[in-house]
Amino acid sequence: MPRFSVIVPAYMVQAYLHECLESVLEQPFTDLELIAIDDCSPDGSGTIIDEFAARDPRVRAIHLTENTGLGRARNAGLERATGEYVIFLDSDDSLTPDALHAISDRLKNTDAPDVLVYDYVRSYCTGRTAPNVVTAQLTEEGPAAFTLDDRPGLLRVLHVVWNKAYRREFLERAGFTFAPGYYEDVSWTYPVLVTANSIAVLDRVCVRYRQRRQGAITCSPGRRHFEIFDQYDRVFAYLDAHPELARWRPFVFRRMLDHFSTVFTARDRLLRGSRAAFLRQARTYSRRYHCPGATPPARTRIRHALVRLGAHRSYLALYCARAVHRHVHRAAVAAYGAVRAAALQIHYRIQRLLPLRENDAVFSAYWGRGYGCNPAAIEAKVREVAPRIRTAWIAGPAHDHTVPAGTRRLTPGSAAYWTALARSKYLVNNVNFDRRLVKARGQVFLQTQHGTPLKHMGLDLLDRPAAVGDTDVGRMLANCDKWDYVLSANRHSTLVWERVYPAAYTTLEYGYPRNDIYQHATGKDVARLRETLGIPRDSVAILYAPTHRDYRRTQRHVIDLERMLRSLGPSFILLTRAHHLSGGPLVGRDSSRLVDVSDHPCVESLCLASDALVTDYSSLMFDYANLDRPIVVYADDREAYEAARGTYFDLWSFPPGAVATGEDELIDIFATGEWCSPRSAQRRAAFRSRFCPYDDGGAAERVVRHVLLGETAGLPSVVPLDERQPAQAPAASGPRKEPEATATLPTSAA
């Protein structure tokens, strides 16, 4: 008996059916049967199903002799299901990567409930996605399994069949089947939820719910939308037949009125001239099934009252009035924003007429995403060696907590922000400040950059449309003209920056201040960081940090991380860090050995806590090399990445360690010990020699003394590579004499 029976009915979906079926069959979890039902579709859907059945024995093809509709097609699949659990998937939707593993594990951890409810995301043809608005109902806090009495809010989750896994024995015992007609999910979902003896939730997106431009049933206008009334007749008939469930009538009644309201106000469902009749029938049903305790929340009482009264014109008038109110409110907000922006620009111009504050320095990083990177290391060093200079940090309100207590906080766009930009002597950033910044005479702009370039940057992107996007080249060059100094960590970076960002700045080959911590941290610091991350003492912690793909609209998960951990055994643990442009974590849920650290405020701390790095084209490899710990390059899309973005040197010919181009090869590198072999160490040594000549722990002090204190002579000399003692990982061999004091670890965002 397979773990899952995945039932997919298909009708007029040939454009989407391949993606749907592949999303099931390409799951790493293979203990399943896929039952695909051709509901006598006149397009090529039946042929597609047969093609999949011919190449994969897990696929069972069913061809109905006449079109029966979605509900009865699902029944045909349900009759043939043999799995322990049944999952329904609409043929234009798809499962997310590794969804079945997550569902199976959650079922196991919640003692095999009757129903498991999981999350979904709406997916639009433009590439935009929208989360489930009531996802808070799926929090896994509280009892692992429960009844609907414990969490009645689940009735607010979209009443569809495809966001749940059902224990087949429970469905057969209760005799649940689908009714014919539109909105068949209604007469299934509510009876199932109120009947289930045990329910569990999974706070993970498992389904991509496609929002089709045309062809979807809910977007097809016609009289069949009146069939919603028949479905609610069936729901209340079920409650009448089970008096022990009578307490759910008020909940279902309120959801029914909400549903009627949704259908009535949707522009693409009811035919012109049929709205009044629809609302009159809704009034009949509200009277028929009204019961004590059905009073809705205050914010929906008027809407429900109008449905119950069948007040067609009043409802439309209210609906139009609310639309007008929204438009007026948006216009007022926009007008206020325009007036405020104009006033701030006047304020900025006035501030620019005033003298510079010679001892003021303003810092920012990553477009206000918090205290981090090279600017944070420089700001900390300013407070240490140049206390007369007052520092301020620009960060959005969500990142205020990352800024040290001794540093003034500035909110982007505020009057204080514009004052600081106008009058601070020193401006330090790893990207650029607001494009409206006008440098005053005597201001000094230090551009720290935020990584050694492997992938193409700046002007080198002009012939790569997937990467350059809507970059305004003129504005980019105008920003470069504001720079006085540019930091470089190596000669390679210097040559790239000066070519792709041509301007009259001075390049400072001083190393990256953010990497100073790798030379100052001690074994005690590393142990403390590992403890805070929950890394067991004897475990090998691998930090997996892939970069962004410009050529992909969505950043697909390229490694089955759970399979990797199963293959490597209990001594390994994975820390996964998604790129900030990825739009979400790399894993749907944490476990004791698979930990998402995408939101951790400091990537340097993660590097210190790990034993090895796995990455692809990320500049993190250049920083990590300063730790002299193993690096493994994993990328299965070399040709595509080179074509879309391009790289400055052949990483395969000059890697920082072992190289893998496939998942099995990556697992083998760790299983055989190649990741920490002498050959990998030799590659890393050559890599460090080329890219880490100045990162000796003194970069921040060299920068501060030169740029902010004007000391061009007597700067700290660079420590040779063979004399450096970077913080060792717990697994590293050989004794090291630790300094008495521990380093001050960064708390920055990266």
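What covers the buried residues of helix 3? In this predicted model, the cover includes strand 1 (4-10), strand 2 (32-38), strand 3 (59-63) and strand 4 (85-88). Helix 5 (168-174) and helix 6 (186-195) are also among the covering elements. Helix 3 itself spans residues 70-80. Its buried residues are Gly71, Ala73, Arg74, Asn75, Ala76, Gly77 and Leu78.

Phenylalanine 4 belongs to strand 1, whereas phenylalanine 29 sits in the loop between helix 1 (14-25) and strand 2. The pair thus links distant parts of the chain, 25 residues apart. Phenylalanine 4 has a relative accessible area of 0% and is buried. Phenylalanine 29, at 11% relative accessibility, counts as buried because the cut-off is under 20%.

Phenylalanine 572 and phenylalanine 670 form an edge-to-face pair, 6.1 Å centre to centre with 85° between the planes. Phenylalanine 572 lies in strand 18 (residues 572-576) and phenylalanine 670 in helix 23 (residues 663-671), so this pair ties together parts 98 residues apart in sequence. Both residues, phenylalanine 572 and phenylalanine 670, are buried.

Ring pairs also build a cluster. Its members are Tyr190, Phe226, Phe229, Tyr232, Phe236, Phe260, Phe278, Tyr285 and Tyr289.

Charges over rings complete the picture. Arginine 352 lies over the face of tyrosine 348, at 5.5 Å from the ring centre. Arginine 690 lies over the face of phenylalanine 654, at 5.1 Å from the ring centre.

Key:
Residues numbered from 1 in each chain as written. Predicted model: local features only at pLDDT ≥ 70, side-chain atom pairs only at ≥ 80, totals over all residues. Heavy atoms only, no water. Buried < 20%, exposed > 50% of the residue type's maximum accessible area, 1.4 Å probe, protein only. Helix = DSSP H or I, 4+ residues; strand = E, 2+ residues; numbered from the N terminus. Contact = heavy atoms within 4.5 Å. Phe/Tyr/Trp six-rings, centres within 6.5 Å; stacked < 30°, edge-to-face > 60°. Lys NZ or Arg CZ within 6 Å of the ring centre and 35° of its normal.
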